[in-house]
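This report describes one protein chain for a reader who is new to it. The sequence and the structure are shown first.

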Amino acid sequence: MAGWPSVLVAIGVALAVIVVNEESMYNRRRSRSGNPGKHNHQTKCDIFLAILSARDHFEQRKAVRDTWLGYIRTHPKWKKRICSKFVVGNRSCHLPLDYRRDPYSCSPLNITKSGRQKDIVAMTVMNDTGIHRLSSGPIGFDFKVHYPIILHKLGVFDSAADGIKHPLTVALFDTWRQEKVVGARFSPEQPGVFIEGYRFRAVEPYLLPKGFEGTIVVNSFNKDDPSTTLYLDKGATNNGGGVIDIQQYSRYSEDNSDFPEKVEKLDRGMAALVSGNFIYNIHEPNKLTGWMNVSDEQSSKWRVKMANETKALELEAATYGDLLLLDVVDTYRNIPSKMLQFYEWLVQLNHIEYAIKTDDDVFMNIDHIMQHFTMNKFPEPKLWWGQFRTGWAVEHHGKWAEHDYQSPVYPSFACGSGSLMSIDLVRWIASNSRHLHRFQGEDVSLGIWLAAVQPSYHDDPRWHCDNACSASMYVSAELSAEDLRTRWQNRKQCGDPCGCG
C-alpha cells in the first residue's frame, strides 16, 4: 500500500496488446465512406490527414473547410501531397442523453427498481469480511450519481461496535474539484448512532444531482483505535437499484492532506474502502419510474431528431465527398474504435507514407508543419511526431475516467490536437486492431498500444495541446467555429493567426 511498483507500468503496457475486446470480434461490418465527390482525385498523396469529428458538428466542419483545410485543398503543392477526410461514426446513440449513464457513452442507466425505500445505507458489512491494515492518513472511496439523491448522514466503520475512542472526521468531497461539500465529526462524547456496522451522524441534507461524482473521506485516524483504520476485503453496497455506483477502487494518503489522491484498484467482489459510509434517500422517488424507461413520446422525438441528423449528414457527404463514415456509434467512448477502423481503412490505400490525426476544433498551420517536415530528416521507422504527455496520471473520474488500465500513469502519448506518425506504425495498429483493448480515449489508447513497439518519439511543443496561440505553432485546439474563422482571417490579413493589432 505504500505506493505502486514502477514495474506495473511495463506490465500494463504489455497486457494492453493482448487484451481482447470481445465486442470487436463479432458483428463487425465493413466500413463505408461517404460519396467520394470532387476530392476523389487525391489518390496518390503521401500524407493522409484524418480530422475526427462528431456527427452533429456541421458548423465546425464547415469552418474547417472554409479556412485551413480549404487552403490545403487549393494549394499547388499541398493538394498533391495531402489527402483528407473527416472521420465520423455512421450511427447515433439510440438513447436520449438523459437516459445514458453519462454523456460520453451509449450505455443505459440500468435503474432496476423504484428506489422508494427510505434511508439507504450505501455500505453494508458482511459476516465473512476480512480485515487488513491500510494507512494512518485519510482514506476514501468514490461514487457516481445516476439519479438525484439526498445525502443526509455520514458514517464511520466501527468494527467492534464499541464506540469512537478518538476524534475523527468524515467528509463528502466533490471529486472533480476536490472541494469539501459537507462533513461530520465523531468523538467519544458524540459517537453517533450505530447502524449496520457503522456510526452515523446527521448532516445538513445535500442534494446530489445526476452526474455528480463524490468521494467519502475519513480523516484524523489514531493508531490506538484500529477499528476505524481498516478496510474490508468483502462487503456489500446498496446502489438504490442503480441510482449510484460505488467505484471499484479506493483512495488513500500517507500525509495529512484533506483529500487522498493516491488510488488503488480493487479486485472484483471487494468493497471499496468502507471506513467511511453515508445514508441517502432518493430525490422525488415518484418520478424515478419515469427515468427507468424512455417514454414512447420521447423515443419518437429522438428518432425524428436522429433521422434529420442522418439526412443532413448524407447531404453533406454527397456535397463535399470528404466524410469517412465508419461502422461505430458516434460517442466519445467509441473514439478508440473509430480510430482503429480508420487505420484499417487507411492501410488499404497505396502511396501513403504518413498519417496526421487532428480534431475539428483545431486550427492547423500546414505551412509550418510541412516546412519543418521537409527540412528535417526524421528517423524513418516508427516515427511519432507531436507534443507528448509523459508521466500523465490516470484519471478515475469525469470525462477521462479510466477503469481498465492498471498502472497509475500512462505511457507517453501525443496530445489529441494533432500528431503525425509513419505508416509502419499505422500498419502495426491495423494488423493488431482486433486484439487491442479500447481504453477511455484515443490519445491514451494510442500511447498504450504503441508503447509495445517503442516508437521514435519526436516531441515538439509547437503542436499545442490547448487553445494557446503563437505565430510559430503548428496547431491550436479547443476552438469554436467562430474562433477558427477569426484566426484564419488574421493569418490572411497579416500572417499571424493570433492577431494583427
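His351 lies in the loop between α7 and β19 (354-359); helices (H or I, at least four residues) and strands (E, at least two) are DSSP runs, numbered from the N terminus. The model is predicted: local features need pLDDT of at least 70, side-chain atom pairs count only at pLDDT 80 or more, and totals for chains, interfaces and linings use all residues. Residues are numbered from 1 along each chain as its sequence is written, and side-chain values use heavy atoms, with hydrogens and water left out.

Gln454 is placed in the loop between α10 (442-451) and β23 (456-459). Neither residue of the table is a glycine. Buried means under 20% relative accessible area, exposed over 50%, and partly exposed in between (1.4 Å probe, protein chains only).

| Residue | Phi | Relative accessible area |
|---|---|---|
| His351 | about 75° | 47%, partly exposed |
| Gln454 | about 50° | 64%, exposed |

Helix α7 covers residues 335-346, and its end C-alpha atoms are 16 Å apart, in agreement with the 16 Å that its 12 residues should span at 1.5 Å a residue. The expected span is 1.5 Å times one less than the number of residues. Of the 12 residues of α7, 11 are buried, including Ile335, Phe342 and Trp345.

The chain comprises 11 helices and 24 strands. Of its 501 residues, 52% are buried. Among contacts (heavy atoms within 4.5 Å) between residues at least 6 apart in sequence, 79% join residues at least 24 apart.
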